[in-house]
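Work through the exercises below with the model open. Try each task before reading its solution.

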Amino acid sequence: MVRTGKIGVFDVVNFLLLLFVAIAMLFPFLHMASVAISSPEYVVRNEISFFPKGLQFNALQAVFEDKRLWIGYRNSIGYVVLGLFISMALTITSAYALSRRGLVFYKPIMLYIVFTMMFHGGMIPFYLVARSYGLIDTIWAMVLPNAVVTVWLIIMRTFFSGMPVEVEESGRIDGLSDFTVLTHIVMPLSKPVLLTIGMFYTVAIWNDFQSALLLIREPNLFPLQLVIRNLVVVGQAGDVLEATTKDGHKVILESLKYGIILLGCLPVLIIYPFIQKHFEQGAMIGSVKG
Amino acid sequence: MKQSVFYRIKRNKVYLLLLLPTLLYYLLFHYVPMFGIVVSFMDYNLFKGVWHSPWVGLKHYRMFLSNPDAWLIVRNTLLLGLYKFIFAFPAPIALAVLFYEMRWKKFRRFVQSVSYLPYFLSSVVLSSVMIMLLSPSTGWINKAIQSLGYEPINFLQRPEWFRTIYIASDIWQMTGYGTIIFLAALAAIDPQLYEAARMDGANRWKQTVHVTIPGIIPAIVIMFIMSISGIINIPFDKAFLIGNAGNMDTADIITTYVYRIGILGGGMSYATAINLSLGLVTMLLVYLTNAASRKVGETSLW
């Protein structure tokens with residue numbers, strides 16, 4: 001802040017508080033990683049908190065050897081790729097149309113969309129409807145039901161309507177149609193918002209657990225989240241994930257489970273640094289304005 | 001007049017075509033399920049379908065009201081939501097102020113980045129981490145408790161701990177992300193106000209209390225109103241994942257009950273009736289909330 005002055009008690013207390021926040025936020029990640037790569041004797045004696053002891057990767061190796069996790073990974077990636085494409089296509093086209101000044105039926109269309117934020121049928125009617133569409137045990141179960149998130153649609157519409165009219169007019173003079181104005185002028189100028197919303201969709205599809213729980217029974221279609229839940233929460237990590245790896249190393253169940261969880265949040269941890277500065281901006285655009 | 005509407009449709013036909021898939025999506029996945037609530041007025045049978053199941057009027061609503069479980073579930077839902085509201089709502093405001101007052105920029109950026117991270121974890125990963133950390137035999141938290149000379153606590157099997165765990169983990173996950181909106185509000189405060197406060201001899205603490213906090217009151221009010229519907233609308237995932245037979249007495253909320261009765265138990269009509277009652281109350285709350293936010297703040301949801 002612009003405020004100047006000597007460093008006082010206030011600043012010291014603030015520093016300590018924020019240091020505590022940082023540690024509290026990071027601790028579970030550090031602990032998970034440390035347990036996953038520590039040798040069993042230290043894990044058994046519960047000597048691991050922040051840093052690994054007796055470094056070894058047998059647990060991670062055992063995790064990597066489990067087919068179910070790879071099936072989950074492959075499926076989740078597939079759902080994200082397909083879902084992101086569908087969601088972005090729907091959101092961009094409709095946000096663009098809604099951002100056009102003087103769109104016919106603008107008000108009734110907005111009401112039609114926004115009403116769904118207030119009221120929904122609930123879990124059972126949703127399930128019955130999805131079932132009657134034949135979505136159960138198909139890829140579509142993971143990408144269609146939540147294809148458009150109303151809030152993000154509105155954020156994008158708001159962003160598009162903020163674009164100066166002159167920019168589009170110049171395109172029209174060059175002979176662009178409605179659609180090519182969107183693809184050649186509006187979209188390239190909206191990279192921050194497209195990135196942000198795209199990232200939100202990615203994370204939402206990657207993290208989606210409820211759709212899978214309701215609509216996917218076929219283990220070959222399980223997304224990673226469902227696999228993790230079955231292995232860690234329901235706690236059947238024992239059967240295929242043997243407590244020994246192929247080369248005969250003993251592995252502690254705890255290390256194994258942490259390894260699985262870690263694998264589940266790895267993509268988020270990897271892409272997070274790249275998207276972080278964009279999403280802050282994007283979240284701000286969408287937070288209050290409607 | 002008619003002609004002009006036709007003319008406008010014709011002129012906007014490309015835009016309407018672009019909108020069509022999305023409108024269809026809303027029809028298929030939002031409006032059709034809304035009509036699905038009719039199953040709450042019948043004895044729905046999965047094999048007979050909507051057209052052949054018998055109508056039973058308000059039977060399932062009466063059943064829910066006369067069920068002793070109902071009171072417990074509604075109470076669990078409201079208490080969890082209310083406690084969450086009380087404890088989790090102020091957290092991002094406080095943290096945003098701490099960020100704002102932090103003069104060491106690099107450190108501030110670092111803590112900020114780190115604090116957003118948990119928001120992106122899935123409910124499954126979050127619940128798994130909690131189950132592991134809280135485990136009575138191997139969890140780090142119980143290990144810490146034991147090293148202080150106390151007995152380990154079986155947190156997740158005890159109903160009296162469920163709300164604490166749920167809300168604490170919510171705070172851990174959501175607080176950092178929640179600061180963004182308040183930081184935006186803080187950035188808009190006029191620096192001259194601080195100048196003036198210093199002239200009047202206000203120290204850092206007093207500047208914070210008399211300039212910083214009042215400066216974000218409008219944002220606080222809006223966020224306050226917007227979080228009200230969350231008291232009833234508690235997401236299904238986490239409560240379902242960390243709920244178990246042991247902590248059921250407090251962990252069973254409306255959504256998990258609906259899942260158990262409707263999907264697992266096959267009592268679809270009954271579960272829909274419960275869900276619909278909840279949905280109507282939520283809708284009323286959201287509506288009132290929006291009306292209030294329109295009055296208080298300049299902004300509203302629509």
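**Exercise 1: Size of the interface**

Task: find how many residues of chain B are in contact with chain A, and how much area is buried.

Solution. Begin with contacts (heavy atoms within 4.5 Å): 100 residues of chain B touch 102 residues of chain A. The model is predicted: local features need pLDDT of at least 70, side-chain atom pairs count only at pLDDT 80 or more, and totals for chains, interfaces and linings use all residues. Residues are numbered from 1 along each chain as its sequence is written, chains are lettered from A in the order in which they are written, and side-chain values use heavy atoms, without hydrogens and water.

Next, take buried area (accessible area, 1.4 Å probe, lost on putting two parts together, summed over both). The two chains bury about 9500 Å², with 74% of it on carbon and sulfur atoms. On the chain B side, Tyr15(B), Arg103(B) and Phe120(B) lose the most area to chain A, together 8% of what that side buries.

**Exercise 2: Charged pairs**

Task: count the salt bridges between chain B and chain A.

Solution. Apply the rule: a side-chain nitrogen of Lys or Arg within 4 Å of a carboxyl oxygen of Asp or Glu. The count is 2. Asp11(A) pairs with Arg204(B) in a salt bridge, their closest N and O atoms 3.0 Å apart.
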